[in-house]
Amino acid sequence: MISILIVEDDKLIGEAIHQWFQGDYPADWVRSLAEARAQLEQTRYDIILLDLGLPDGDGASLLGYLQRHKHESGVLILTAYGDMDRRISGLDSGADDYLVKPINFNELDARIRAVHRRRNQIKGSIIEHGDLQLDLDGNTLTCKGEPVHLSHMEISIVTILMQGRGRYFSKRLLEDRLYSEDKAGAGNAIEVHISALRKKLGKSLIRTTRGLGYIIAKESVDL
């Protein structure tokens with residue numbers, strides 16, 4: 001579930017946004033920069049809805065605070081200032097999106113989801129699945145924090161299946177991804193590597209369905 005911090009000094013707007021999220025997103029509401037910084041010292045949020053015209057300063061200054069303190073929250077600016085220069089300035093300062101008041105709440109929901117998706121993709125050099133953590137940059141796999149020693153081909157197969165969780169990969173499709181030229185020479189190598197992976201990672205992780213291929217289901221499987 002997406003957690004949200006609303007930074008908005010206008011009582012009517014702040015209350016309206018806060019009430020809109022009730023039952024859908026956990027949301028906190030503050031009305032100044034000082035309150036926002038204090039709240040961020042206690043709680044990490046997925047999304048911050050940030051008004052620019054706050055009583056104790058320009059809301060854009062919070063963007064610098066987030067960067068200095070390495071907060072990974074997505075920021076959606078909500079403001080009455082609709083001129084292009086202000087939009088560009090806010091985005092260049094680190095905001096993810098910009099929405100001009102008056103706010104359409106359905107559009108606000110859609111933009112929150114879009115920012116959250118983009119943020120997850122940016123962070124996504126790490127794929128977590130149950131007790132497994134795959135580092136795409138380092139080509140390494142850990143289970144419960146402990147490294148799992150895999151061959152180059154094994155880590156390549158795990159990467160394909162984990163990136164495509166929820167879809168089937170036939171033997172031929174895996175061969176197309178893994179062997180640049182002589183797929184015919186691969187023989188039963190895919191089956192051998194899958195068998196080795198099951199011994200190392202457990203039989204339930206990679207499932208096989210006749211006629212469809214191999215799959216890692218979307219739901220987590222604890223090993």
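**Close-up 1. Pairing of strands E1 and E3 in the predicted model.** Strand E1 (residues 4–7) and strand E3 (residues 47–51) pair in the parallel sense over four bridges, where strands (E, at least two residues) and helices (H or I, at least four) are DSSP runs numbered from the N terminus and pairing requires that DSSP finds at least two bridges between two strands. Within this pair, Leu 49 of E3 is the bridge partner of Ile 6. The model is predicted, with local features needing pLDDT of at least 70 and side-chain atom pairs counting only at pLDDT 80 or more, whereas totals for chains, interfaces and linings use all residues. Residues are numbered from 1 along each chain as its sequence is written, and side-chain values use heavy atoms, with hydrogens and water left out.

**Close-up 2. The open sheet of five strands.** The strands follow the order E2-E1-E3-E6-E7, with parallel pairing. Strand E2 (27–30) and strand E7 (97–100) stand at the edges with a single partner strand each, so one side of each is left without a neighbour in the sheet.

**Close-up 3. Packing of helices H2 and H3.** Helix H2 (residues 33–42) and helix H3 (residues 61–68) pack at an angle of about 20°, with their axes 11 Å apart; axes are lines fitted to C-alpha atoms, for helices over the stretch in contact, and angles run from 0 to 180 degrees between N-to-C directions. H2 and H3 are therefore roughly parallel to each other, a term for angles under 35 degrees. The contact (heavy atoms within 4.5 Å) is made by Leu 33, Ala 36, Arg 37, Leu 40 and Glu 41 of H2 and by Ser 61, Leu 62, Tyr 65 and Leu 66 of H3.

Notes. Angles under 35 degrees count as roughly parallel, over 145 as roughly antiparallel, 65 to 115 as roughly perpendicular and the rest as oblique.
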